[in-house]
Amino acid sequence: MDLKGAVKEIIPWDGTLSSTDFLLSARTFSEKWKMFNPSFPPWHWIPCSKHHLVASHKVEGYLSLDNMCHIKKSCEEEESNRSLTSKEESNNSQREEPFDCGTLVCPEHEVNHYDFHIIYSSSYRVPVLYFRSYHSDGQLLPLNEIEKDLPGHSAKILSESKWTFITHEEHPYLNRPWYKLHPCGTSEWMKLLYEGDSSLNRNGFIIEHYLVSWFSVIGQVVGLKIPLEMLDTVVSNAS
């Protein structure tokens with residue numbers, strides 16, 4: 001075993017990723033999403049030109065999932081059952097969805113569209129979920145309107161959570177204001193997810209499946225769910 005490998009086993013994993021690790025994990029995440037959600041829009045890798053202050057060996061880009069629709073319920077249905085689905089799925093209530101409680105689009109209601117970007121934070125060395133919402137006419141929704149779209153458990157998570165909260169900041173690549181889930185506690189709870197299983201990192205398992213595990217938690221905050229089959233592959237590969 002070389003010195004680098006030996007040191008890696010001695011020093012506990014701190015729950016973070018390098019930019020190169022992020023690219024590897026992003027590829028695994030997008031492939032698994034496409035495999036288990038074939039009828040939904042895939043996550044696309046958007047390459048970006050390197051900043052002049054960024055080292056040439058670092059990978060620049062992010063994952064993008066655009067034009068997800070918030071499905072409005074009719075007045076007599078319970079407000080707590082809210083969901084996000086793809087544009088195509090919004091006209092079909094019969095298919096099983098990887099999101100919360102699929103429903104028909106009510107023609108008397110406005111459909112809200114959502115874009116999600118997963119971007120690497122070089123400061124925190126973890127992925128960050130950026131998002132925005134807009135009406136069909138392109139008008140952006142303020143946070144108080146977005147919060148009405150979120151499932152009930154999201155508000156509970158955000159109000160009680162010590163590891164994340166929503167902020168309004170400039171998108172690192174688009175230079176426009178987007179909302180994001182602050183990553184201040186991400187490395188800590190990611191480390192806890194794999195606590196006691198440090199041996200998994202010897203073959204890069206944790207790094208490769210980082211985004212799958214991360215999104216299984218983060219996605220719930222904005223009403224997006226990872227299919228159980230997608231998580232099962234992580235568990236089976238780990239055993």
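This is a predicted model: local features need pLDDT of at least 70, side-chain atom pairs count only at pLDDT 80 or more; totals for chains, interfaces and linings use all residues.
Me: What share of the contacts with a separation of 6 or more joins residues 24 or more positions apart?

Reply: In this chain, such pairs account for 61% of those contacts.

Me: Let us turn to cysteines. What is a disulfide, and how many are there?

Reply: A disulfide is a covalent bond between the sulfur atoms of two cysteines. Here the count is zero.

Me: How is a pair of aromatic rings described?

Reply: Two things describe such a pair: the distance of the centres and the angle of the planes. A search of the whole structure turns up 14 aromatic pairs. One of them joins Phe22 and Trp45, with 6.0 Å centre to centre and 50° between the planes, and this pair is tilted.

Me: Where do Phe22 and Trp45 lie?

Reply: Phe22 sits in helix α2, residues 19-36, and Trp45 in strand β1, residues 44-47, so their pair ties together parts that are 23 residues apart in sequence. Phe22 is buried, with a relative accessible area of 2%, whereas Trp45 is partly exposed at 28%.

Me: Which angle separates the ring planes of Phe29 and Trp33?

Reply: Their planes are at 35° and their centres 6.1 Å apart, so this pair is tilted. Phe29 and Trp33 are four residues apart in helix α2, which puts about one helical turn between them. Phe29 is buried at 0% relative accessibility, and Trp33 is buried at 0% as well.

Me: Which residues do ring pairs link into a cluster with Phe29 and Trp33?

Reply: Trp43, Trp214 and Phe215 are linked with them into a cluster.

Me: Now for helix packing. At what angle do α2 and α7 cross?

Reply: For two packed helices, look at the angle between the axes and how far apart they are. The axes of α2 and α7 cross at roughly 65° and come within 7 Å. The two helices are therefore roughly perpendicular to each other. On the α2 side, the meeting residues are Phe22, Ser25, Ala26, Phe29, Lys32 and Trp33; on the α7 side, they are Tyr210, Leu211, Val212 and Phe215. By type, the contact has eight nonpolar residues, one polar and one charged.

Me: How far apart are the axes of α5 and α7?

Reply: Those axes are 11 Å apart, and helix α5 (residues 186-193) packs against helix α7 (residues 210-221) at an angle of about 110°. That makes α5 roughly perpendicular to α7. Thr186, Trp189, Met190 and Leu193 of α5 make the contact with Tyr210, Ser213, Trp214, Val217 and Ile218 of α7. Seven of these residues are nonpolar, two are polar and none is charged.

Me: Which residues of α5 are buried, and what covers them?

Reply: Thr186, Ser187, Trp189 and Met190 are buried in α5. Their cover includes β5 (126-134) and α7.

Note on methods. Residues are numbered from 1 along each chain as its sequence is written. Side-chain values use heavy atoms; hydrogens and water are left out. A disulfide is a pair of cysteine sulfur atoms within 2.5 Å. Rings of Phe, Tyr and Trp (its six-membered ring) pair if their centres lie within 6.5 Å; planes under 30 degrees apart count as stacked, over 60 as edge-to-face and the rest as tilted. Buried means under 20% relative accessible area, exposed over 50%, partly exposed in between (1.4 Å probe, protein chains only). Axes are lines fitted to C-alpha atoms, for helices over the stretch in contact, and angles run from 0 to 180 degrees between N-to-C directions. Angles under 35 degrees count as roughly parallel, over 145 as roughly antiparallel, 65 to 115 as roughly perpendicular and the rest as oblique. Contact means heavy atoms within 4.5 Å. Ala, Val, Leu, Ile, Met, Phe, Trp, Tyr, Cys and Pro count as nonpolar, Asp, Glu, Lys and Arg as charged, and the others, Gly among them, as polar.
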